[in-house]
Amino acid sequence: MKPLLGAMILVCAGAAASAGPLSFLLSHHDLEVYTDGDITPEGKDLPRPDPQHPLYYLAIAAGYKDFGKPIAGEKPPKQKVMIDVITKVLDKQGYKLATNKNPPQVVIVYSWGTMNADRMSGTSFVWNEGQVLDFLGYTSKKSSARPDRAFPELAPGLSFVNGSFNELSELGRLDYHAIALAAYDYKAFCQGKAVTLWRTHISSPSLGFDMFDALPKIAAMAAPQIGRQTDAPVHILADDHYRPDIEFGEAVVVPEGKAKTE
């Protein structure tokens, strides 16, 4: 059956994930990912899929986006590569492209690109620091959350960010590669309404990492967090638990370790 793929639109708002201090980043300089997710009241009864119990979706690829300040010279992967990568990542989590035989239950809109800081020339001041931190997931609600109670069963390779003032100040001055996904109610979508079920934002400090190489790996590392509620941003380090191998062309995603967070 031929999968159903929707027309391109832009849907993105919100909150993606968070990190470790700049000193940690510069000393270790491994690929690391921060994820943040929200499930809305309308989406709380949506079943959590897995490969044996799939959820079928209509895909809308919104393409490349500069969520923060645009910077010239970026060389992102071709759109087809990212569509292939994200389709395979979603497939591994139980989200299957709808077909004529299996009509869509939800609509998933996704985009990828950058979240760059807009720095004042000659200073450390960042004009859009609040926008960067909001994308990372530091809303007032989440910055005061109790992650030890909200999400105690984190798998190896995952941790929370404390969200201290110094740490947030450093995070707000970084540039990031970013991916944003959101799921919408299909029936409402057909009526011209946007009823959000969940959204997941994924970010990774871009210093020292080429976007073409990093974005597919970021998607693979964050895959288990897609569609989940996180009451604090979650940090993923590319160690033995999360060291994805991406093959371009057919965009085969092969994480070396499996991580379960529930």
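This is a short tour of the structure above, stop by stop.

Before you start, note that this is a predicted model, where local features need pLDDT of at least 70, side-chain atom pairs count only at pLDDT 80 or more, and totals for chains, interfaces and linings use all residues. Residues are numbered from 1 along each chain as its sequence is written, and side-chain values use heavy atoms, with hydrogens and water left out.

**The whole protein.** Show the cartoon first: there are 8 helices and 10 strands (DSSP runs numbered from the N terminus, helices being H or I of at least four residues and strands E of at least two). Of the 262 residues, 48% are buried, meaning under 20% relative accessible area with a 1.4 Å probe, protein chains only.

**The core.** Now select Ile108, Tyr110, Ile179 and Leu181, which have the most contacts inside the largest nonpolar core, a group of 36 residues. Such a core is a set of buried Ala, Val, Leu, Ile, Met, Phe, Trp, Tyr and Cys residues joined through side-chain atoms within 4.5 Å. Elements that each supply at least two of its residues include strand 4 (106-115), strand 6 (176-185) and helix 8 (211-222).

**Tyr110.** Which residues is Tyr110 in contact with, leaving aside neighbours within four places in sequence? Among them are Ala59, Ile60, Ile83, Ile86, Ala180 and Leu181; contact means heavy atoms within 4.5 Å.

**Helix 3.** Move on to residues 129-136 and pick out the buried ones: Val132, Leu133, Phe135 and Leu136. Look down the axis of helix 3: these buried residues fall within an arc of 155°, so they line one face (the arc is that of the directions from the helix axis to the C-beta atoms). Just after helix 3, stop at Gly137, which has a positive phi of about 110°.

How values were computed
Buried means under 20% relative accessible area, exposed over 50%, partly exposed in between (1.4 Å probe, protein chains only).
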